[in-house]
Amino acid sequence: MSNLETNSVEERCESHPDGGGIQVLGAREVPLGGPRAMPVRRTLPQRERSLIGAWCFADHYGPDDVGNTGGMNVPPHPHTGLQTVSWLFTGEIEHRDSIGSHAMVRPGELNLMTAGRGIAHSEVSTPQTRILHGAQLWVALPASAQDADPAFETYAPDPVELDGATVRVFLGSTAGSTSPVRTFTPLLGAEILLEPGADVTLDIQRGFEVGVLVDEGEVQLRGTTLRWAELGYQPPGESLVALRNTGGTRARLLLLGGEPLGEQVIMWWNFLGRSHEDIVGYRREWQSELRGSAPADPRFGTVEGYDGDPLPAPELPNSRLKPRG
């Protein structure tokens, strides 16, 4: 998914009753995907928090009536130094990439693309989709894996039924479920459905920091209320995540966690690198591939089967790009 801009967003901060701080991050609406942009709600990155573990980007969109908005149509665009995590609640998206992958993103199925040294892909909602609703997430690769081989994999986790809750673990481990999907740093990713009035406590590694992104309803994270489209941040030091649905309807949320990355990264457009010069070089190579002047072994390659032109990179700012994290 193409990232068009990364400015700061509204934030409110609270503390839960036992004295630990829960940071509450609001979302802002941004356009996605070039001239036929679809609006999405962005909670990461922002000025106050760039990373949660290695999670470095979170877009939340829908329910979107495709008949009125046109749905998602993101032309081929490049990525470096990260993994994209696609998770749908409703609808279907066709994924194509430059290593030959062609897959449908469907509700309850993880699609994970490793960009590594470089990849290009497109994302288009399918003709039969009426309502599009989901999340697009990015994971920063550590410096040791920044130039990993590009890859693509899918995984449909079995639901775990708890008292008043259903958990689908798509990355890492919790609730007795473990995802087989490879990550390059310790991570956790899960969808949780909470019935009205339900409480659930999930185990996590003590060194993990976690984020809770609310898609439906209203929940409490360790006593702090999170409303629709907000992301609550719990710092490292806890071995449990305590959640409660305080509303009268079902709540749905995404649980995102991991060990603090402990590295600074530079994110600009769809590239993640370690220096201003990295980003300048990636942009130059992408633009040269668009002009047909790429070397014999291009970094990004060609997305076959998309009906349209790739996205050109925007102009770089006049100042040097600053690291985050």
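1. Helices (H or I, at least four residues) and strands (E, at least two) are DSSP runs, numbered from the N terminus. R222 lies in the loop between β21 (219-221) and β22. This residue has a positive phi of about 50° although it is not a glycine. R222 counts as buried because its relative accessibility is 18%; buried means under 20% relative accessible area, exposed over 50%, and partly exposed in between (1.4 Å probe, protein chains only).

2. On the source: this is a predicted model, in which local features need pLDDT of at least 70 and side-chain atom pairs count only at pLDDT 80 or more, while totals for chains, interfaces and linings use all residues. Residues are numbered from 1 along each chain as its sequence is written, and side-chain values use heavy atoms, with hydrogens and water left out.

3. A175 is in the loop between β16 (173-174) and β17 (177-178). With 18% relative accessibility, A175 counts as buried.

4. Two cis peptide bonds deserve a look. The bond from L44 to P45 is cis, with omega near -5°, and P45 belongs to the loop between β4 (38-44) and β5. The bond from G62 to P63 is also cis, with omega near 0°; P63 sits within strand β5.

5. Strand β5 (residues 55-65) is joined to β12 by 8 bridges, and the two run antiparallel. Strands count as paired if DSSP finds at least two bridges between them. Y61 has G134 of β12 as its bridge partner. β12 also pairs with β7 in the antiparallel sense, over 8 bridges, and here A140 of β12 stands opposite L82. How much of β12 (residues 131-140) is buried? The count is 9 of its 10 residues, so the strand is mostly covered by the definition of buried.

6. β7 (82-90) returns in the cavity analysis: together with β10 (110-114) and β11 (119-125), each supplying at least two residues, it contributes to the lining of the largest cavity. The search of the whole structure finds 2 cavities of 30 Å³ or more, and the largest has a volume of about 50 Å³. A cavity is a set of points, on a 1 Å grid over the protein atoms alone, where a 1.4 Å probe fits but cannot get out; lining residues have an atom within 4 Å of a point. Grid points are joined across faces, edges and corners, and the volume is the space filled by probe spheres set on the points.

7. Which residues line the largest cavity? They are T84, S86, H95, V105, N111, M113, H121, E123 and F152. By class, the lining has 3 nonpolar, 5 polar and 1 charged. Ala, Val, Leu, Ile, Met, Phe, Trp, Tyr, Cys and Pro count as nonpolar, Asp, Glu, Lys and Arg as charged, and the others, Gly among them, as polar.

8. An open sheet of 4 strands has the order β19-β24-β21-β22, with antiparallel pairing. Its edge strands, each pairing on one side only, are β19 (199-203) and β22 (224-226). β19 and β24 (residues 240-245) are joined by 5 bridges, and L202 stands opposite V241 in β24.

9. N245 belongs to strand β24 and counts as buried, because its relative accessibility is 1%. Beyond residues up to four places away in sequence, N245 touches L194, E195, P196, G197, A198, E218, V219, R250 and A251, where contact means heavy atoms within 4.5 Å.

Technical notes
1 Å grid on protein atoms, 1.4 Å probe; cavity = no way out; pocket = protein on both sides within 12 Å on 5 of 7 lines; lining within 4 Å.
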